[in-house]
Amino acid sequence: MAERVRVRRLNDAEGKTLQQIVRRGGKSDRSIVKWRRAMVVLASAGGNDVNAIANLVQTSPDRVREMIHRFNDLGMRSLDPQWAGGRPRLITTSDRELIVKTAKTRPTKLRQPFTHWSVRKLADYLAAKEGRKVTVGRERLRQILIAEGITFQRTKTWKESPDPLKNAKLARIEWLLEHARERTFAFDEFGPLTIKPVGGSAWSPEGKPQRLRANYHKPHGSRQFFAWYSISADQLFGNLEPRKGWAPTLRALQAIRASVDDDQPIHAILDNLNHHKNRGVREWCAANDVELVFTPTYGSWANPIEAHFGPLRQFVIANSDHPNHPALTRAIHKYVRWRNTHTRDPRVLEAERRHRAKIRSEAQRRWGHPTPAAA
């Protein structure tokens, strides 16, 4: 059998950047394209198969495979759309390589009295460079740098995961997503969710955008969406809780355990928040054959559920003005039900609904209380 198409293993910087893009959503035509491509890559890194990703971003499986292969070849550059333009003046490949190499070199290393290049300074230096010179206009120089993925950016600090078990944890997650998909779930919190108008995008008459009220007071507090994702079934579930903590985490894990109708081990992928490692949570999981599979430190991007939070924010939170938390809860649950219905065959869903009802009844008999209500 042919090997499943999947992105290569991400490094920490790529994973965090993709996670930020997906969670923040697209805010322009250009960033919408980048957001969709980032969601494909992050979903593939999380072990989602090509058909599930195609349903997630509403495109064809062939297009998903193309984006995955392109990311494997080009890395983060593959996320940026390349709009077609007029034919530029021809500059040789070696000229471009010299321009890129010089732009990426700190000016002080080239005996220049400044800490960074401006387009004018870089063009002047290349034109007056001893030995090989490159004469190029400032606008063409800017175009070349952008085409090569070099932009003027604010300097940032960076950090890699200090987890000594990083490779072992990533390998364990990858193995589960490849060989134990039917018994593997992804769990995480989505929030904080507050009651306030949230800007977004929508179809409107030209020059007459939709309006949202201004908001000066936030007396409603916040909520957290405790969500879990079934890898093999491509189904998302969850509960809204007043705050993070070990008790709502335990309730979510109990719901995951109750969704499987046998006593064989299951696996829950989650990040390293303290309440995920609470003693009570660990003891319950050990007694009920639930393996807690932690992502590496600062590596929550490896959690397969991350890619599915992007559409939730884009289509429920963005461009919304919910009056209170019950209304927000209903909106989230309604979207999750719609999402689950539109990813599977309706006949299969009806059979699974009856199956889950049987499982809830068995869970109530076994533990003496019903499982938490899933969306």
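Five aromatic pairs occur in this structure, which is a predicted model. A pair of aromatic rings is described by two things: the distance of the centres and the angle of the planes.

Start with Phe187 and Phe226. Where do the two residues lie? Phe187 is in strand S1, residues 184–194, and Phe226 is in strand S2, residues 222–230. The pair therefore ties together parts that are 39 residues apart in sequence. Phe187 is buried, with a relative accessible area of 0%. Phe226 is buried as well, at 1% relative accessibility.

Now take Tyr335 and Trp338. Here the centres are 6.2 Å apart and the planes stand at 25°, so this pair is stacked. The cut-off behind that word is an angle under 30 degrees. Both residues belong to helix H12, which spans residues 325–341. They are three residues apart, about one turn of the helix. An α-helix has 3.6 residues a turn, so residues three or four places apart point the same way. Is each ring residue buried or exposed? Tyr335 counts as buried, at 15% relative accessibility. Trp338 counts as partly exposed, at 47%.

Other rings form a cluster. Ring pairs link Phe114, Trp117 and Tyr125.

Next comes helix H7, residues 138–147. Which of its residues are buried? Arg140, Leu141, Ile144 and Leu145 are. They cover an arc of only 140° around the axis, which puts them on the same side of H7. What do these buried residues pack against? Their partners are helix H5, residues 93–103, and helix H6, residues 119–128. After H7 comes Gly149. Its phi is positive, near 80°.

To look back, the Phe187 and Phe226 pair joins strand S1 to strand S2. The Tyr335 and Trp338 pair stays within helix H12. In H7, the buried residues share one side of the helix, and they pack against H5 and H6.

Methods: Residues numbered from 1 in each chain as written. Predicted model: local features only at pLDDT ≥ 70, side-chain atom pairs only at ≥ 80, totals over all residues. Heavy atoms only, no water. Phe/Tyr/Trp six-rings, centres within 6.5 Å; stacked < 30°, edge-to-face > 60°. Helix = DSSP H or I, 4+ residues; strand = E, 2+ residues; numbered from the N terminus. Buried < 20%, exposed > 50% of the residue type's maximum accessible area, 1.4 Å probe, protein only. Arc of directions from axis to C-beta. Contact = heavy atoms within 4.5 Å.
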